[in-house]
Amino acid sequence: MLGFGENFLVPFGIFLHASFLQIGFLSTLPQLLAALGQTAGVWFIEHFRDRRRALARAVKVNAAIWIPIGLVALFSVQWNSAVYALLVLSAVYFASGGFIAPIWTSLIGD
């Protein structure tokens, strides 16, 4: 699942004064976790039948994660680890998006 905000995560990291290594992790680690999330989504489809409920919960997590991502900017002055928080939150966002993809495809395909 891709929306409008994914393209702005790396510039947001630059705004938070991320190092080159942190920018590299911010660019690559969420994509890796999205692929692992797809694997988890496929496993879920094979073992559980309530795809609609799982889809609804995963979409809620996927949408709600933008609230703490936005709040990272407010705490960046007081909190030195804002870039790491952005990295973790974006990884959760991409992993939940990866989890959604196979469930959505399976649900629409039926």
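This is a predicted model: local features need pLDDT of at least 70, side-chain atom pairs count only at pLDDT 80 or more; totals for chains, interfaces and linings use all residues.
Residues are numbered from 1 along each chain as its sequence is written, and side-chain values use heavy atoms, with hydrogens and water left out.

For N7 I noted a relative accessible area of 64%, which makes the residue exposed (buried is under 20% relative accessible area, exposed over 50%, partly exposed in between, with a 1.4 Å probe and protein chains only). I also looked up the separation of N7 from V42, 35 residues apart along the chain, and found 26 Å between their C-alpha atoms.

**Whole chain**

The C-alpha atoms fill a box of roughly 50 × 25 × 20 Å along the principal axes, and of the 110 residues 38% count as buried. Taking contact as heavy atoms within 4.5 Å, I found that 81% of the contacts between residues at least 6 apart in sequence join residues at least 24 apart. The chain exposes about 7,100 Å², of which carbon and sulfur atoms supply 70%; these areas come from the Shrake-Rupley method with a 1.4 Å probe, and for residues only the protein chains shown count as cover.

**Helix α3**

Helix α3 (residues 51-64) has 14 residues and reaches 20 Å from its first C-alpha to its last, close to the 20 Å expected at 1.5 Å a residue, where the expected span is 1.5 Å times one less than the number of residues. I listed R51, A54, L55, A58 and N62 as its buried residues. Seen down the axis, these buried residues fall within an arc of 100°, so they line one face of α3; the arc is that of the directions from the helix axis to the C-beta atoms. An α-helix has 3.6 residues a turn, so residues three or four places apart point the same way. The cover over the buried residues of α3 includes α2 (20-47), α4 (66-75) and α5, whereas R52, R53, R57 and K60 are exposed on the other side.

**S106 and R51**

I then asked which residues S106 touches, not counting those up to four places away in sequence. They are I45 and R51, and the side chains of S106 and R51 are joined by a polar contact of 2.5 Å (a pair of N or O atoms within 3.5 Å; within protein, one must be able to donate a hydrogen and the other to accept it, and residues adjacent in sequence count only if both atoms are side-chain atoms). S106 sits in helix α5 (residues 82-109) and counts as buried because its relative accessibility is 19%.

The structure holds one salt bridge, defined as a side-chain nitrogen of Lys or Arg within 4 Å of a carboxyl oxygen of Asp or Glu. I found it between D50 and R53, with the closest N and O atoms 3.4 Å apart; D50 is partly exposed at 37% relative accessible area.

H47, in helix α2, is partly exposed at 48%, and a polar atom of its side chain lies 2.9 Å from the backbone oxygen of W43.

Conventions. Helices (H or I, at least four residues) and strands (E, at least two) are DSSP runs, numbered from the N terminus.
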